[in-house]
Amino acid sequence: MTSEPRPTITLTPDEWQAFQDRLYERDDRLELRAPDTVVRRDEAVDAYVLSAHAEALQSGEVEGDVWGTLEDIDETAADEQEAWEKITAFYLGRGSVLVRVTDLDEPEEWIFTEELARRLGLIAQETQK
């Protein structure tokens, strides 16, 4: 666990879709598809499949359980905005990464573990020393 702030990754809707298009799920593990790799239809990843791998999310496409997540972290809030702020602070304070999609009618923010974000190419792999 770390108290060091984690990055926020900001993507356009096209970048977000391109990211999702490069993913596949095999044996409940989310993977990044190499260029020109063919995957089976049942391995395709959409926002619903991706949501199973997120720590938390706020999405216009997938209904995240903000109140359930808030309860899981033993917090309370007066409204959904405050709830999301507390959820975000909780996970970012524990090393997770926030992915924000801009230029949409509704908020689109996803929280992933840093390990998953690195494995899926959302943040650069650190150079081994």
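**Exercises on a predicted model**

Asp-103 lies in the loop that connects β5 and β6. The model used in these exercises is predicted.

**Exercise 1.** Which backbone feature does Asp-103 have although it is not a glycine, and is Asp-103 buried or exposed?

*Solution.* Step 1: the phi of Asp-103 is positive, about 60°. Step 2: for comparison, most residues other than glycine have a negative phi. Step 3: the relative accessibility of Asp-103 is 70%. The cut-off for exposed is over 50%, so Asp-103 counts as exposed.

**Exercise 2.** Locate Asp-74 and describe its phi and its exposure.

*Solution.* Step 1: Asp-74 sits in the loop between α3 (66-72) and α4 (80-92). Step 2: Asp-74 is not a glycine, yet its phi is positive at about 60°. Step 3: with 70% relative accessibility, Asp-74 counts as exposed.

**Exercise 3.** What is the strand order of the open sheet, and which strands stand at its edges?

*Solution.* Step 1: the sheet has four strands in the order β1-β5-β6-β4, and the pairing is mixed. Step 2: β1 and β4 (56-58) each have a single partner strand, so they stand at the edges, and one side of each lacks a neighbour in the sheet. Step 3: on average, neighbouring strands are turned by 15° against each other, direction ignored. Step 4: four bridges join β1 and β5 in the parallel sense; Ile-9 has Val-99 in β5 as its bridge partner. Step 5: α1 packs on the sheet, where it touches β1, β5 and β6, and its direction makes about 105° with that of β1.

**Exercise 4.** Is Gln-58 buried or exposed, and which residues does Gln-58 touch?

*Solution.* Step 1: Gln-58 belongs to strand β4. Step 2: its relative accessibility is 11%. Buried means under 20%, so Gln-58 counts as buried. Step 3: leaving aside residues up to four places away in sequence, Gln-58 touches Trp-84, Pro-107, Glu-108 and Glu-109. Step 4: the side chains of Gln-58 and Trp-84 are joined by a polar contact of 3.3 Å.

**Exercise 5.** How many residues has the largest nonpolar core, and which element gives the most to this core?

*Solution.* Step 1: the largest nonpolar core has 22 residues; Trp-16, Leu-50, Val-99, Trp-110, Phe-112 and Leu-122 have the most contacts inside it. Step 2: β1 (8-11), α1 (13-21), α2 (47-51), β5 (97-101), β6 (109-112) and α5 (114-119) each supply at least two residues. Step 3: β5 gives the most, with three residues. Step 4: a second, separate core has eleven residues, among them Val-66, Trp-84, Tyr-91 and Ile-111.

Note on methods
Residues numbered from 1 in each chain as written. Predicted model: local features only at pLDDT ≥ 70, side-chain atom pairs only at ≥ 80, totals over all residues. Heavy atoms only, no water. Core = buried A, V, L, I, M, F, W, Y, C linked by side-chain atoms within 4.5 Å. Buried < 20%, exposed > 50% of the residue type's maximum accessible area, 1.4 Å probe, protein only. Pairing = 2+ DSSP bridges. Axes fitted to C-alpha atoms, helices over the stretch in contact; angles between N-to-C directions. Contact = heavy atoms within 4.5 Å. Polar contact = N/O pair within 3.5 Å; in protein donor to acceptor, adjacent residues only side chain to side chain.
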